[in-house]
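Hi everyone, thanks for coming.

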Amino acid sequence: MKSYSKILPAILAFSLATVALAQAPIVRQPPSDSPPPYAAPPANQPPAQQPLPPMSPQQLDRLVNRIALYPDPLLAQTLTAATYWDEIPDAAAWSSEHSYLKGDALSQAMQADNLPWDPSVLALLPFPSVLDMMAHDPDWTGRLGNAVLGQRADVMDAVQRLRREARGYGYLASNSDIDVIDDGGYVEIQPFNPYLYYVPLYDPLIVFGPPRPGLFVGGVIRFGPAVTLGVSFGRFGWFGAGFGWGSHALLIDHRPWLRTYANRGVYAHPYAHPYVRPAAPREERHDFRGRR
């Protein structure tokens with residue numbers, strides 16, 4: 001009896017350990033040749049970015065319907081700028097703060113402030129409303145940029161489908177602000193004055209569908225205030241921006257824009273008068289209205 005009392009505590013301890021082990025969750029180790037669920041990249045190497053799955057024609061139509069009726073040069077600049085979606089918010093804020101500047105005065109302010117963004121983003125600074133729309137819907141802007149990098153031809157086809165619909169329903173026609181060129185193959189939209197742009201304003205739910213009875217189709221598409229481009233904006237490719245619709249070429253400064261997923265980290269578009277990124281940091285060097 002005496003010997004049994006000595007081993008009883010050991011038996012109880014063993015029993016408790018056995019129960020605890022049985023109740024513990026089972027952790028399954030991955031096979032030795034399986035990669036870890038997450039491995040941080042080296043400090044000098046950014047995380048890999050993969051293109052999103054291809055979009056269907058219907059998805060692309062919904063993606064581009066808000067900009068499909070932009071004049072060709074403005075549409076081309078918007079598509080290329082969307083591929084630098086991470087720069088859009090800062091550019092939109094600067095553009096809004098300096099919206100009172102026009103033409104060459106705006107270009108001089110951009111240079112004075114050492115703005116560091118890609119030329120495709122700088123090209124949209126005269127259009128605060130466009131940049132504001134892109135900045136306030138970053139998910140849309142990112143998806144558009146992804147589509148331009150991975151499905152450029154499909155994006156252009158979607159634009160043409162929508163333009164053909166708006167044209168067929170009678171909404172899209174030439175006026176004092178734009179020249180609509182329809183040769184039966186592709187629908188082009190050009191500004192009458194290459195230095196003067198009007199951003200179209202319309203509801204995609206209306207303009208890409210049959211008119212309701214009694215609707216005045218001529219008033220469905222309206223236009224914002226005039227946007228003046230100075231001669232100096234040619235260095236951002238404005239006066240050679242557009243599309244080679246038949247060959248699915250997106251043109252900036254008369255040259256095909258060739259940025260893709262594969263070369264997005266190193267691609268530099270060959271502008272005739274390239275914008276040289278400033279060596280100095282960005283700095284506000286002049287007053288703007290509203291500063292306190």
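Okay, the ground rules. This is a predicted model, where local features need pLDDT of at least 70 and side-chain atom pairs pLDDT 80 or more, while totals for chains, interfaces and linings use all residues. Residues are numbered from 1 along each chain as its sequence is written, and side-chain values use heavy atoms, without hydrogens and water.

So, the protein chain has ten helices and seven strands; those are DSSP runs, H or I of at least four residues for helices and E of at least two for strands, numbered from the N terminus. Of its 292 residues, 41% are buried, meaning under 20% relative accessible area with a 1.4 Å probe, protein chains only.

Now take helix α7, residues 128-136. Which of its residues are buried? V130, L131, M133 and M134. They sit on the same side of α7, because they cover an arc of only 155° around the axis, going by the directions from the helix axis to the C-beta atoms. Those buried residues pack against α3 (72-82), α4 (88-97), α8 (138-150) and β3 (196-201), with contact meaning heavy atoms within 4.5 Å.

And contacts across the chain? Among those between residues at least 6 apart in sequence, 72% join residues at least 24 apart.

Note on methods: Buried means under 20% relative accessible area, exposed over 50%, partly exposed in between (1.4 Å probe, protein chains only).
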